Amino acid sequence: MSPPIEGLDKVSVQIKSLLDDGKKAKALDLLSKTYGETIYWHARRMVVVHEDAQDVLQETFIRIVRGIDSFKWESKLSSWIYRIAVNECLRMIESKNRRLQTQSLEDITKMITSSDYVDLGNEAALRLQAAIQKLPNKQQTVFTLRYYDNLSYDEIAEITSSNAAAAKMNYHHAKEKILLTLKSSD
Amino acid sequence: MENEIFDKVGKTLPYVMPQGFDTAKLMQEAIARENGSKKPVRLFLWAGSSVAAVAAAVLLLFVFKPSLVDSDPVSDYHSALTQYCNTASDAEMEKRCDMQDADYMVNIDHYEAYYN
């Protein structure tokens, strides 16, 4: 077994150890149990529809299965997983060609409520999600990673191939736009 | 004040995860799908690389051992001639030498091919 790499969190150490011992299936099982729901919820916030979020998660897992053997362990495992998921989300959004930025908040809210597995009683949360959907893809990604997943700007920068200052700027622009959208629709 | 909506909604989502949705199961499916799709690719790669290796080996054999394709006419000629001379009777040898002396073209060819 290779020596532990400094700075790895407990789960990453366990996953790496299982991989080093040739127990790839167990390593992937632990990975999916640790990060599966986080990635699902990130995808759900980005692509809205459950089935699309499920597809994103499935594609993310397939890419993880393919790439985990060549993962260098120099960056955080969670950042690598997020990066794959973020790319898959953007791919899904592109393929759907939704162009929500130009639509009204009401239309986006209707689109959200017409899909399955939505809590129709939480109107304020619905409006907030609709406003987030109006953001450009990059701002939406950065806002979601910061606001919901509590990631640091450095982590977000690593995931989005950017820098911490740009991530911070994107987050604040996104927040301002959300407030403006909600205010203008009142 | 401006952040009222964020304070009010917090991180609550209007989305629900369907009951029985299991991310670990999705991972199992991803592994199975990958293993399933890998096998034919592996077989194809194995078959392809085997054929390529055999073809390369045969090619190299002909490049470095051209005698397998085209045997050396000079050494063949000499060994056949030596064998013939050793086994032929004196009368037969005399007859062959007379014929060869009379054939100008054969002599020139032999001279150019084997002694030049």
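Which residue lies over the face of B:Phe6, and at what distance from the ring centre? A:Lys175 does, at 5.2 Å from the centre of that ring; a charge sits over a ring if NZ of Lys or CZ of Arg is within 6 Å of the ring centre and within 35 degrees of the ring normal. This is a predicted model, in which local features need pLDDT of at least 70 and side-chain atom pairs count only at pLDDT 80 or more, while totals for chains, interfaces and linings use all residues. Residues are numbered from 1 along each chain as its sequence is written, chains are lettered from A and ligands numbered from 1 in the order in which they are written, and side-chain values use heavy atoms, with hydrogens and water left out.

**Aromatic rings and charges**

- Over all chains there are 10 aromatic pairs; rings of Phe, Tyr and Trp (its six-membered ring) pair if their centres lie within 6.5 Å, and planes under 30 degrees apart count as stacked, over 60 as edge-to-face and the rest as tilted.
- The pair of A:Tyr40 and A:Trp41 is edge-to-face because the planes stand at 75°, with the ring centres 5.1 Å apart.
- A:Tyr40 and A:Trp41 are both buried, a term for under 20% relative accessible area, with exposed meaning over 50% and partly exposed in between (1.4 Å probe, protein chains only).
- A:Phe71 and A:Trp73 also make an edge-to-face pair, at 4.9 Å centre to centre and 70° between the planes.
- A:Phe71 is buried at 8% relative accessibility, and A:Trp73 is buried with a relative accessible area of 8%.
- A cluster linked by ring pairs contains A:Phe143, A:Tyr147, A:Tyr148, A:Tyr153, A:Tyr171 and B:Phe6.
- Over the ring of A:Tyr147 sits the charged end of B:Lys11, 5.6 Å from the ring centre.

**Chain B overall**

- Chain B has five helices and zero strands, where helices (H or I, at least four residues) and strands (E, at least two) are DSSP runs, numbered from the N terminus.
- The order of elements in chain B, from the N terminus on, is α-α-α-α-α.
- Of the 116 residues in chain B, 16% are buried.

**Helix H5 of chain A**

- Helix H5 (residues 105-113) of chain A has A:Leu105, A:Ile108, A:Thr109 and A:Ile112 as its buried residues.
- Seen down the axis of H5(A), these buried residues fall within an arc of 100°, so they line one face of the helix; the arc is that of the directions from the helix axis to the C-beta atoms.
- An α-helix has 3.6 residues a turn, so residues three or four places apart point the same way.
- The buried residues of H5(A) pack against helix H6 (123-133) and helix H9 (164-185) of chain A.

- A:Thr60 belongs to helix H3 (residues 50-67) of chain A and is buried at 0% relative accessibility.
- The side chain of A:Thr60 reaches the backbone oxygen of A:Val56 at 2.6 Å.
- Not counting residues up to four places away in sequence, A:Thr60 touches A:Ile39, A:Ile81, A:Ile84, A:Ala85 and A:Glu88; contact means heavy atoms within 4.5 Å.
- A:Thr160 is in the loop between helix H8 (153-159) and H9 of chain A, and is buried with a relative accessible area of 15%.
- With residues up to four places away in sequence left out, A:Thr160 touches A:Lys138, A:Thr141 and A:Leu145.
- A:Arg45 is placed in helix H2 (residues 24-47) of chain A and counts as buried at 5% relative accessibility.
- Among the residues that A:Arg45 touches, not counting those up to four places away in sequence, are A:Tyr148, A:Asp149, B:Leu13 and B:Tyr15.

**Positive phi**

- Most residues other than glycine have a negative phi.
- A:Tyr117 has a positive phi, near 60°; A:Tyr117 is in the loop between H5 and H6 of chain A and is partly exposed, with a relative accessible area of 37%.
- A:Asn150 has a positive phi of about 55°; A:Asn150 lies in the loop between helix H7 (137-148) and H8 of chain A and counts as exposed at 54% relative accessibility.

Conventions. A polar contact is a pair of N or O atoms within 3.5 Å; within protein, one must be able to donate a hydrogen and the other to accept it, and residues adjacent in sequence count only if both atoms are side-chain atoms.
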